[in-house]
Amino acid sequence: VLSNAYARIEESAALRRTIGLKLGVSLLDSSESFEEGKKLIVALVNDSPGADGAREAFVFLAGKCLERGEYEEAANFFHKAIEAWPDAARDYGVHEGLAWAFLKLGKNNESILSFSRAEECATNDVDRATAILMQGDILSTLGRGDESMVKYRDVLSRYPETPAGEKLKKIVELKDLESRGRDLYRDFRFGEALDVFAEIAKRSPVDKPRM
C-alpha cells in the first residue's frame with residue numbers, strides 16, 4: 001500500500017516525503033528490502049532533513065544498522081543525527097546507540113564519552129545508572145580499575161535500587177574484600193589475608209584462580 005501511494009502521489013511533495021519515510025522504515029524490517037529502505041530514507045533525509053518524520057526515520061535506521069552488526073554505518077548515522085537535529089543531540093537513546101556502536105568497533109574512549117553524554121541526557125534513574133555502569137565496565141576493561149570503581153560506587157550510592165545497582169552490589173563488595181586482603185598481606189598478616197582471599201574464591205568462581 002505504501003509503495004503504491006509513494007509511486008502515485010505527485011501533487012504534494014511534503015505528503016510524498018512523509019509516505020516515503022514510512023515506506024523506508026517498513027522496508028528495514030526485512031533483510032531482502034533493507035538496503036532499499038536505507039537508500040530511500042537517506043535520500044529523503046538528505047533532500048529535506050526538516051521534513052516531518054525525517055529525524056525519527058533516520059535514528060530508526062541507525063538502530064537497525066546496530067542490530068544488524070553494521071557498527072561503522074550505525075556510528076556514522078547516529079553521529080549525523082546528533083549533528084543534524086538539536087533534539088537528537090539531547091536524546092539518551094541516540095547517544096547510547098552511538099556508544100554501543102563505538103564499543104563494538106573497539107573505540108573504547110569514544111564509547112565512554114558517548115555513554116557519559118547519554119548519562120547527561122537520561123530522564124530516569126534506570127537509564128542514568130545504566131550509562132554510568134557501562135562507563136565503569138569499559139574503564140575496567142581498559143585496566144583503569146580505580147576509575148571504574150568510582151563509577152560503580154556512584155551507581156550504588158545514587159541508584160541502588162536500579163537493575164544496575166543490584167548488579168553492582170556483589171561486584172563492589174568483592175572488590176572491597178580484595179582490597180582488604182591485599183592490605184592485610186602488605187601488613188604481613190598472612191593468615192587473615194588468606195582467609196579473605198579464600199572467602200572471595202568461595203563466593204566468586206570467576207575470581208577463584210586469581211585468589
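Colleague: What does His79 count as, at a relative accessibility of 39%?

Modeller: This is a predicted model, in which local features need pLDDT of at least 70, side-chain atom pairs count only at pLDDT 80 or more, and totals for chains, interfaces and linings use all residues. Residues are numbered from 1 along each chain as its sequence is written, and side-chain values use heavy atoms, with hydrogens and water left out. His79 lies in helix α5, where helices (H or I, at least four residues) and strands (E, at least two) are DSSP runs numbered from the N terminus. Buried means under 20% relative accessible area, exposed over 50% and partly exposed in between (1.4 Å probe, protein chains only), so at 39% His79 counts as partly exposed.

Colleague: How are α5 and α6 oriented to each other?

Modeller: Helix α5 covers residues 71–84 and helix α6 residues 92–104, and they pack at about 150 degrees with their axes 9 Å apart; axes are lines fitted to C-alpha atoms, for helices over the stretch in contact, and angles run from 0 to 180 degrees between N-to-C directions. Angles under 35 degrees count as roughly parallel, over 145 as roughly antiparallel, 65 to 115 as roughly perpendicular and the rest as oblique. The two helices, α5 and α6, are therefore roughly antiparallel.

Colleague: How many residues in the contact of α5 with α6 are charged?

Modeller: The crossing of α5 and α6 is left-handed, meaning that the near helix is turned anticlockwise from the far one by less than a right angle, whereas clockwise would be right-handed. Contact means heavy atoms within 4.5 Å, and the residues that make it include Phe78, His79 and Ile82 of α5 and His95, Leu98 and Lys104 of α6. Ala, Val, Leu, Ile, Met, Phe, Trp, Tyr, Cys and Pro count as nonpolar, Asp, Glu, Lys and Arg as charged, and the others, Gly among them, as polar. On that basis the contact of α5 with α6 holds nine nonpolar residues, four polar and, for the charged class, one.

Colleague: How are α4 and α5 oriented to each other?

Modeller: Helix α4 (residues 54–67) and α5 have axes that come within 8 Å and cross at roughly 160 degrees. That angle makes the orientation of α4 to α5 roughly antiparallel.

Colleague: How many residues in the contact of α4 with α5 are nonpolar?

Modeller: The crossing of α4 and α5 is left-handed. Among the residues in contact are Phe58, Leu61 and Cys65 of α4 and Tyr71, Glu73, Phe77 and Lys80 of α5. The contact of α4 with α5 divides into two charged residues, one polar and, as nonpolar, 11.

Colleague: How is α8 oriented to α10?

Modeller: The helices α8 and α10 have axes 8 Å apart and pack at an angle of about 40 degrees. That makes the orientation of α8 to α10 oblique.

Colleague: Which residue meets Lys167 in a salt bridge?

Modeller: Side chains of opposite charge can pair when their charged atoms come close. A salt bridge is a side-chain nitrogen of Lys or Arg within 4 Å of a carboxyl oxygen of Asp or Glu, and the whole structure holds 20 of them. Lys167, which counts as partly exposed at 45% relative accessibility, is joined at 3.9 Å, N to O, to Asp137.

Colleague: What is the N to O distance in the salt bridge of Arg203 and Glu173?

Modeller: Arg203 counts as partly exposed at 28% relative accessibility, and Glu173 is partly exposed, with a relative accessible area of 41%. Their side chains meet in a salt bridge whose N to O distance is 2.7 Å.

Colleague: In which helix do Asp183 and Arg186 lie?

Modeller: The side chains of Asp183 and Arg186 meet in a salt bridge, at 2.5 Å from N to O. At 38% relative accessibility Asp183 counts as partly exposed, whereas Arg186, at 53%, counts as exposed. The pair is three residues apart, about one turn of the helix, and both lie in α10.

Colleague: What is the phi of Phe188, a residue other than glycine?

Modeller: Phe188 lies in the loop between α10 and α11 and counts as exposed, at 65% relative accessibility. Most residues other than glycine have a negative phi. For Phe188 phi is positive, near 65 degrees.
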